[in-house]
Amino acid sequence: MADREAAKRLILKIIAIAGGRLAGKYRLHKAFYAAHVIYWREREGILTDYPVVKLPDGPGIDDLDNLLAELVE
């Protein structure tokens, strides 16, 4: 459960950095993955333990639709 909460906090932070809006889920998937890669390179650690999955267009956030629904609630 903590992994899920960490993923939701990261999603909110990504949206905030983007000025409160993101045009499409594709960009959110890529920003989430990029945040993990950048964190790994700079801190040599893991940003969150939330799964990144293989999607047809590249890496993405596992169960994104449900995470977003939880955030909307």
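Predicted model: local features only at pLDDT ≥ 70, side-chain atom pairs only at ≥ 80, totals over all residues.
**Exercise 1.** Which residues of α2 are buried, and which on its other side are exposed?

Solution. Buried means under 20% relative accessible area, and exposed means over 50%. In α2, the residues Leu28, His29, Phe32 and His36 are buried. They cover an arc of only 110 degrees around the axis, and therefore lie on the same side of α2. An α-helix has 3.6 residues a turn, so residues three or four places apart point the same way. On the other side of α2, the exposed residues are Arg27, Arg41 and Glu42.

**Exercise 2.** How are α2 and helix α3 oriented to one another: roughly parallel or roughly perpendicular?

Solution. Helix α3 spans residues 64-72. Its axis and that of α2 are 12 Å apart, and the helices pack at an angle of about 100 degrees. Angles of 65 to 115 degrees count as roughly perpendicular, so α2 is roughly perpendicular to α3. On the α2 side the contact is made by Lys25, Leu28 and His29; on the α3 side it is made by Leu64, Asp65 and Leu68. Leu28 and His29 were listed among the buried residues of α2 in the previous exercise.

**Exercise 3.** Where is Lys30 placed, and which residues is it in contact with, leaving aside neighbours within four places in sequence?

Solution. Lys30 belongs to helix α2. Its relative accessibility is 23%, so Lys30 counts as partly exposed. With neighbours within four places left aside, Lys30 is in contact with Asp57, Gly58 and Pro59. From Lys30 to Ile61 the C-alpha distance is 8.6 Å, although 31 residues separate them in sequence.

**Exercise 4.** Is Lys8 buried or exposed, and what polar contact does its side chain make with Glu70?

Solution. Lys8 lies in helix α1, residues 2-17. Its relative accessible area is 10%, so Lys8 is buried. The side chain of Lys8 makes a polar contact of 2.8 Å with the side chain of Glu70. Another polar contact, of 3.0 Å, joins the side chains of Lys8 and Glu5. Not counting residues up to four places away in sequence, Lys8 touches Leu67, Glu70 and Leu71.

Conventions: Residues numbered from 1 in each chain as written. Heavy atoms only, no water. Buried < 20%, exposed > 50% of the residue type's maximum accessible area, 1.4 Å probe, protein only. Helix = DSSP H or I, 4+ residues; strand = E, 2+ residues; numbered from the N terminus. Arc of directions from axis to C-beta. Contact = heavy atoms within 4.5 Å. Polar contact = N/O pair within 3.5 Å; in protein donor to acceptor, adjacent residues only side chain to side chain. Axes fitted to C-alpha atoms, helices over the stretch in contact; angles between N-to-C directions. Parallel < 35°, antiparallel > 145°, perpendicular 65-115°, else oblique.
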